[in-house]
Amino acid sequence: MVRNIKKKILVIGIGSIGFRHCESLLNLSEIELHLVDINKKNINKLLIFFRKSKSKNNKLFSYPALFDIKELKFDLAIISTNADVRFAIFEEISKKFKIKNILFEKFVFTNKVEFTRTSQILKKKNIKAWVNCPRRMQSMYVFIKNFIKIRKNKFHLSYSGSNWQMSSNIIHFIDLFSFLSSSEKIKSSEIKLANSIFKSKRKNFQDFFGELNFSNEKGDILQVANYKKKIPTKFIIKCNKDQIVIDENSGFIRINEKLKKFPLLKQSQLSEIFAIKVFGKKKILLSTFDKSKFYHLLILNIFQKFYKKKSINIT
């Protein structure tokens with residue numbers, strides 16, 4: 001673990017997920033946490049939490065805008081804003097500051113050009129970057145990955161439910177599918193989307209209903225379905241004669257008839273683990289930006305071609 005080394009962390013966007021990142025990072029000691037959010041309520045909420053916490057020798061600085069920041073070097077930056085403004089923020093901080101590592105929240109960008117430009121900037125500035133699809137960090141899925149690997153059989157992963165914000169969250173399942181199969185060669189195989197685009201639960205963003213199927217070169221299959229009508233959530237992996245039923249809410253999986261319990265870590269626990277590994281130059285389980293870029297572009301292509309739109313507003 002990294003201790004007693006002053007690390008400087010920049011977090012931009014202190015909404016729900018940004019707050020959880022900060023909550024976790026404050027479990028570290030000897031850090032400087034620099035926060036940026038135009039919403040004073042978000043900043044004040046975290047300042048109150050900081051004062052009540054048992055944070056050890058940490059310093060916290062808050063700013064309404066990036067140009068107010070005097071510090072010029074950061075060991076880690078986390079961009080947890082909405083997708084529609086994320087590239088502009090990334091471009092600005094890459095010009096203004098020297099940053100060693102970046103964690104992007106998903107859905108990273110909604111524009112294909114922004115992915116290309118970001119890859120170019122990361123390479124030019126020698127910045128390491130990852131995308132926060134954290135199921136890879138959960139012991140439950142590490143166990144399932146090894147279970148599948150030992151059996152050396154194709155598997156079928158299916159997830160279905162109601163109003164689970166497919167537009168924003170499908171990236172998690174494609175990333176998980178890649179992780180479990182140890183394959184990055186993923187393609188769409190069947191598209192059954194509703195004819196209309198719907199309003200997302202989040203204001204000014206869009207969502208989609210229907211079914212999408214994906215496959216890889218090994219013959220593994222991913223099937224996801226988002227329905228408007230209320231139905232029970234089903235999360236199942238079939239591997240030859242074995243069936244794994246996943247209940248993330250309780251932390252249980254049922255393999256055939258046997259139950260197995262796993263600790264499911266929240267984001268308020270995971271960010272600390274991620275930072276420790278980054279600062280200690282350990283193996284990071286999260287997908288790198290360039291790997292995740294492929295999955296994001298796969299999703300954007302599906303939605304844009306199906307709905308004949310040049311841009312889709314996802315967050």
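User: I'm taking buried as under 20% relative accessible area, exposed as over 50% and partly exposed as in between (1.4 Å probe, protein chains only). Is N126 buried or exposed?

Analyst: N126 counts as exposed because its relative accessibility is 66%. This is a predicted model, in which local features need pLDDT of at least 70 and side-chain atom pairs count only at pLDDT 80 or more, while totals for chains, interfaces and linings use all residues. Residues are numbered from 1 along each chain as its sequence is written, and side-chain values use heavy atoms, with hydrogens and water left out.

User: Where is N126 found?

Analyst: In the loop between helix 4 and strand 8. Helices (H or I, at least four residues) and strands (E, at least two) are DSSP runs, numbered from the N terminus. The phi of N126 is positive, near 60 degrees, although the residue is not glycine.

User: What is phi of N256?

Analyst: Near 55 degrees, again a positive value in a residue other than glycine. N256 sits in the loop between strand 17 (252-255) and strand 18 (258-261). With a relative accessible area of 33%, N256 is partly exposed.

User: What about the peptide bond from K106 to F107?

Analyst: That bond is cis, and its omega is near -15 degrees. F107 belongs to the loop between strand 7 and helix 4.

User: Step back a bit. How many helices and strands does the chain have?

Analyst: Eight helices and 18 strands. The C-alpha atoms fill a box of roughly 55 × 45 × 40 Å along the principal axes. Of the 315 residues, 53% count as buried.

User: What is the radius of gyration of the chain?

Analyst: The chain has 20 Å, which agrees with the value near 20 Å for a compact globule of 315 residues. The radius is taken over C-alpha atoms, and the globule rule is 2.2 Å times the number of residues to the power 0.38.

User: How many contacts join residues at least 24 apart?

Analyst: As a share, 75% of the contacts between residues at least 6 apart in sequence. Contact means heavy atoms within 4.5 Å.

User: Now helix 7. How many of its residues are buried?

Analyst: 10 of its 13, and the helix is mostly covered. The buried ones include L270, F274, I276 and F279. Strand 1, helix 1 (16-25), strand 5, strand 7 and strand 8 are among the elements that cover them.

User: What span should helix 7 have?

Analyst: Helix 7 (residues 267-279) should span 18 Å at 1.5 Å a residue, and its end C-alpha atoms are 18 Å apart, which agrees. The expected span is 1.5 Å times one less than the number of residues.

User: And helix 3: which residues are buried?

Analyst: A83, R86, F87, I89, F90, I93 and S94. They pack against strand 1 (7-12), strand 5 (76-79), strand 6 (98-99), strand 7 (101-104) and helix 4 (112-125).

User: What covers the buried residues of helix 4?

Analyst: The cover includes helix 3, strand 7, strand 8 (128-131) and helix 8 (289-307). The residues in question are E114, F115, T118, S119, I121 and L122.

User: Different spot. Where does N82 lie?

Analyst: In the loop between strand 5 and helix 3. N82 has a relative accessible area of 25%, so it is partly exposed. Leaving aside neighbours within four places in sequence, N82 is in contact with R202, F205 and T315.

User: Last one: is L180 buried or exposed?

Analyst: L180 is buried, at 3% relative accessibility. L180 has its place in helix 6 (residues 166-181). Not counting residues up to four places away in sequence, L180 touches Y141, I144, K145, I148, F155, L157 and I237.
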